[in-house]
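Please look through the model shown here with its side chains and backbone angles in view. The paragraphs below it are meant to be read alongside the coordinates.

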Amino acid sequence: MQLGLVGLGKMGFNMRERLRAQGHEVIGYDPRPEVTDTPSLEGLASSLTAPRVVWVMVPSGKITRDTITGLADSLEEGDLVIDGGNSRFTDDGPNAELLAKKGIGYIDAGVSGGVWGLENGYGLMVGGSEDDVERALPIFDALRPEGERADGFVHAGPVGAGHYSKMVHNGIEYGLMQAYAEGYELLEAEELVQDTHGVLRAWSKGTVVRSWLLDLLVQALAQDPEFREISGYTEDSGEGRWTVEEAIRHAVPAPVISAALFARFASRQADSPAMKAVSALRNQFGGHAVKRATTEETLRAPDPKK
């Protein structure tokens with residue numbers, strides 16, 4: 001199948017490689033000349049055979065909205081646009097309406113897998129019409145992990161359902177990372193425990209707390225014991241905030257996700273071993289940038305066992 005792909009960053013670039021490896025023709029556009037296949041959105045549209053399918057993989061907010069507007073001007077009736085970025089679900093309705101005026105279909109796709117998706121595949125949650133989703137299934141099947149489709153892909157509902165599902169997924173992710181991080185800090189604080197890395201690794205098989213996030217925490221500690229090279233300052237992508245706002249709107253108690261979000265805010269006021277663990281985990285699974293500790297911070301970092 002032929003696909004246009006807008007945005008060749010950390011995830012988009014790997015998605016292009018995974019799709020090509022499975023026999024799909026992918027023409028990518030990115031402002032950076034060293035990675036793009038075509039010089040412009042207009043060039044992308046003219047390089048594709050109608051009816052076209054174009055996947056947008058750019059940062060959420062204005063950049064995505066501007067890209068959708070540009071595609072509305074460049075594409076034609078019968079084409080299909082998939083927004084695979086971390087857009088807020090409330091943006092999906094207006095995007096779909098804008099494209100529908102030109103007879104262009106729209107799917108919102110929540111994508112999970114980070115920088116590891118090239119090898120492991122991506123978890124996909126999509127929203128849109130049955131016909132549009134069916135049309136894009138060859139692309140979804142190539143991107144998702146191997147095995148049963150239902151284990152890595154869901155048509156969650158109409159437009160907006162995909163990004164809503166991904167938002168809740170990321171809210172849960174906040175809570176899981178915070179729990180692992182607090183456990184790490186407790187282990188580091190107790191002088192009886194002389195091998196924190198070994199304890200965490202011992203949990204990675206056969207225990208009820210085993211998970212891929214735990215594996216990544218073990219890996220991060222192997223690369224930087226005690227996280228002396230990482231500041232505890234931790235960003236939030238926005239989806240944790242949106243999840244908490246939705247919990248308030250629906251009167252759904254979400255104390256764990258809320259606390260995890262507020263812990264990230266706290267990380268910007270004072271350094272914390274737990275937040276260093278969260279920052280390291282974000283870098284491990286998503287390639288998110290970390291704020292490196294300065295030489296002075298590294299030298300004065302206390303040994304938590306003393």
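What follows goes from charged side-chain pairs to one helix and then to some backbone details.

This is a predicted model, in which local features need pLDDT of at least 70 and side-chain atom pairs count only at pLDDT 80 or more, while totals for chains, interfaces and linings use all residues. Residues are numbered from 1 along each chain as its sequence is written, and side-chain values use heavy atoms, with hydrogens and water left out.

The structure contains 16 salt bridges, where a salt bridge is a side-chain nitrogen of Lys or Arg within 4 Å of a carboxyl oxygen of Asp or Glu. One of them joins Arg-144 to Asp-141, with 2.8 Å between the closest N and O atoms. To describe the surroundings of such pairs, buried stands for under 20% relative accessible area, exposed for over 50%, and partly exposed for values in between (1.4 Å probe, protein chains only). On that scale Arg-144 is buried at 12%, whereas Asp-141 is partly exposed at 24%. In the pair formed by Arg-241 and Asp-236, which meet in a salt bridge at 2.7 Å from N to O, the arginine Arg-241 is partly exposed at 36% and the aspartate Asp-236 is buried at 11%.

A further salt bridge, also given as 2.7 Å from N to O, connects Arg-249 and Glu-246. Both belong to helix H10 (residues 239-249), where they are three residues apart and thus separated by about one helical turn; helices (H or I, at least four residues) and strands (E, at least two) are DSSP runs, numbered from the N terminus. An α-helix has 3.6 residues a turn, so residues three or four places apart point the same way. Elsewhere, Arg-16, Glu-17, Arg-20 and Asp-37 are linked by salt bridges into a network.

Helix H9 (residues 212-223) comprises twelve residues and spans 17 Å from its first C-alpha to its last, close to the 16 Å expected at 1.5 Å a residue, the expected span being 1.5 Å times one less than the number of residues. Its buried residues include Leu-213, Leu-214, Leu-216 and Leu-217, together with Val-218, Ala-220 and Leu-221. The buried residues of H9 pack against helix H7 (161-189), helix H8 (196-202) and helix H12 (273-286), contact here meaning heavy atoms within 4.5 Å.

Which backbone details deserve a look in the loops? Most residues other than glycine have a negative phi, and most peptide bonds are trans. The peptide bond from Ala-50 to Pro-51, however, is cis, with omega near -5°, and Pro-51 sits in the loop between helix H2 (41-47) and strand E3 (53-56). Glu-226, in the loop between H9 and H10, has a positive phi near 65° and is partly exposed, at 30% relative accessibility. Ala-251 likewise has a positive phi, about 55°, although it is not a glycine; this alanine is found in the loop between H10 and helix H11 (255-267), and Ala-251 is exposed, with a relative accessible area of 68%.
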